[in-house]
Amino acid sequence: MSTAALVGRMSGGQGLTSFVGRRRELAEMRELMSRSRLLTLVGPGGVGKTRLAVELVARSGESFRDGTWLVELAALEDGDLVGSQVAAALRLPDQSNRSALDRLADYLRERELLIVVDNCEHLLDAVAPLASELLEVAPGLRILATSREPLGIPGEQVYSVPPLPAPAESQPGADPLEGFESVRLLVDRARSVDPTFEITDANRHAVAQLCQRLDGMPLAIELAASRLRSLSVIQLVERLDRRFDLLTGNSRVAVPRQQTLRALVDWSYELCSPAERLLWARLAAFPGGFDLEAAEDVCGFGEVTREDVLDLLDRLVSKSLVLAERLEGPRELGGGRVRYRQLMTFREYGAELLDAAGEASQLRRRQRDHFLARAARMVSSWCGPDQAERLAAARRDHANLLSALDWSASTPGEELAGMRLAALLRYHWHAGGNLSDGRRWLDRFLALSSEPTPERGDALWAAAWVCLVQGDRGLARSYLQECRRVARLLNDPVLAAHADHWDALRELFGGNLEPALAMFDAAIAVHRRVGDTMSALIALFQRSWAQTYAGRPREGLAACQEAIRESEELGERWTQAYSHWVSGLCQRDLGDLDAARQCQIAALEIQQGFLDGICIALTIDETSWTTASTGRYEDAAVLFHTAQSVWKGLGTAISAFGPHLQADSERAASLIRRGLGGPRFEAILALPPVPTKERAIELALATARSGPPAPEAATTPRPERDTTGPKLTKREHQIAALVAEGRSNKEIAAALVVSPRTVDGHVENILAKLGFTSRVQIAAWIAGHTGPERTATSR
């Protein structure tokens, strides 16, 4: 059989549709085929295994002397007939009483060919031994299999076919929509039913949502695209809660289980044992993925015990019904651990099973209690060396936490437990960058129950803290007044100390320094007396901040140094970063700009592990002030713009943190504008926002570490850069523009489809041509450059 014939037959009648994307996957599969004679493509139903196998064979060319042959097993139900099916596909005559295995062995022994065994997951007990035997007797044989789980025989190379990359709803606009393969597939298939279909400003968000909520699954996207003959993308997204009824096709040639999404998932369900089906259903309690401990704790009861969960989970991973993802990054942030998730389609199917079994409420309560216990552990152990890891874990479980809060708020009798969870998540709301979510849930629970309980008391000061950071001092005052009333009713001096603590911050943010200092002192005394070291450290750096603006920077610096020493002894890092930031304020007021710069570097280096947006924004803002004071106006302007990017992402501004910080920021902006010139400063402020907090830290550290200029440079105005000097090539200008957007070399390489090493070389050339030493300077140059290259790049 020729490759062309194989492609036509394997495509299931879909050979007329174009193949979209998958360049990286195809390259990786070809490399694996060069190392092994058996390659199995595994993945959930609808992920595109068959289509990839077709494309892989088509791109391999006529590489096999005796051809490429297809064995389709989807419709075969009897494992005893697998050998006969393979023999029939190879067109072997059946005129003897010899077994199919013997006939195949004789035929293949001297031949060089590729057999593609498609859809063999339901017949693995028959396919695996047959493949093993044939590979042993026929050295010229290669097998490419598609299955939802591996064959499990020696020498097998397994390639897990991922869904197509899809936009993340949490970062709309972070990358060009058209760059996602799932979006390109949707557009391609949509145009087959509506040739006028295109992405517009009106439907762009809906297109992103559709591809994201369909998990980037090719079959689901194709079924959805078929509906675009009668629905708009926006209407389609609005109806996705009925996806199993909505996503049906009318292909006359597709196999039945690929004609509807439900049939596809039903097929997977039938392949599972009763225990696997039950765990599948119970895992629907985790909308945001889960780790093994969570699965065991929440799902391990009754017919599926805690001890059963690991083995059953492994089987679901093997069947591609659960995805196992190894976390990247440093070990202290969870790197090297495995986390699991279900694709949304399989999770929603499991939720239906859970409702039918009557276990939904029990599972939701168990899920809430699990994360309540985790939140309590996070708070009790926060003042120690595992802060970054616990914060990273909470970020990974954000969707699960919101689900637990939602169930608690909407289930009578669960309000107090939900209120306690919302208050215990205070570090997740602040350090984790989730202020809006924290505000919404704390406000909601406080509105649900007004009883003067310990849970309400803690929720009141936790909510006041969030309100203060968001600039809502009026509501914060109301919450703290009630917190004091609850403390009196409960005769709880610790709760009263928290009210003092956050009322002191309210006074600081209002510019009332002396009342703030008195309340900070009272709160710190109680925190120390009851052993609440974490609250004491927070109050210490906040009091130092007040001391600095009250004209007592030496006292503030001494208090910060005390807090830093104590934090170092405990392995605590979060408040240590803030203490370094306040130390920078103190050193600046004392006239030591180099010491201030070192404090800012220390704060940002710690934040590389935390990504606390508030501390990052405050520190970069302060770094821009220090940089401007040394006469480095161009660098200061880029830092000022970087800080504004972080503030915008947080949904708050430096004005929320009081008139003293705001005044310093405004003075620095005026200084930069005078030193750099208004047009250049405005051009830098008009640059695209720095895309991530990681990139913002990288830019700020690069500038701060470059150090102050020579003494004469601080007093001599910088001349305008000669724009008629060295010219960049079109490609160099294109790369410089991407550098100015805050993209890393790796990201630029992906965008331009070149190697990272090539980009490295171009960036070095750009720096050399322009006489620059940092990417910050490239960004500033792009902002002020209006030559013809920029126009060409923009087009």
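Guide: Buried residues, meaning those under 20% relative accessible area with a 1.4 Å probe and protein chains only (exposed is over 50%, partly exposed in between), make up 54% of the 795 residues in the protein. This is a predicted model, in which local features need pLDDT of at least 70 and side-chain atom pairs count only at pLDDT 80 or more, while totals for chains, interfaces and linings use all residues. Residues are numbered from 1 along each chain as its sequence is written, and side-chain values use heavy atoms, with hydrogens and water left out.

Visitor: What makes Cys 560 buried or exposed?

Guide: Cys 560 has a relative accessible area of 0%, and is therefore buried; Cys 599, at 11%, is buried too.

Visitor: How do you know whether Cys 599 is bonded to the closest cysteine sulfur?

Guide: A disulfide is a pair of cysteine sulfur atoms within 2.5 Å, and the sulfur of Cys 599 lies 8.3 Å from that of Cys 586, its closest, so the distance is too far for a bond. By this rule the count comes to zero disulfides; Cys 560 is in none, with the nearest cysteine sulfur, in Cys 586, 5.1 Å away.

Visitor: Why is α12 called roughly perpendicular to α16?

Guide: The axes of α12 (residues 261-270) and α16 (residues 344-357), lines fitted to C-alpha atoms over the stretch in contact, cross at roughly 75° and come within 11 Å. Angles of 65 to 115 degrees count as roughly perpendicular (under 35 roughly parallel, over 145 roughly antiparallel, the rest oblique), and therefore α12 is roughly perpendicular to α16.

Conventions. Axes fitted to C-alpha atoms, helices over the stretch in contact; angles between N-to-C directions. Helix = DSSP H or I, 4+ residues; strand = E, 2+ residues; numbered from the N terminus.
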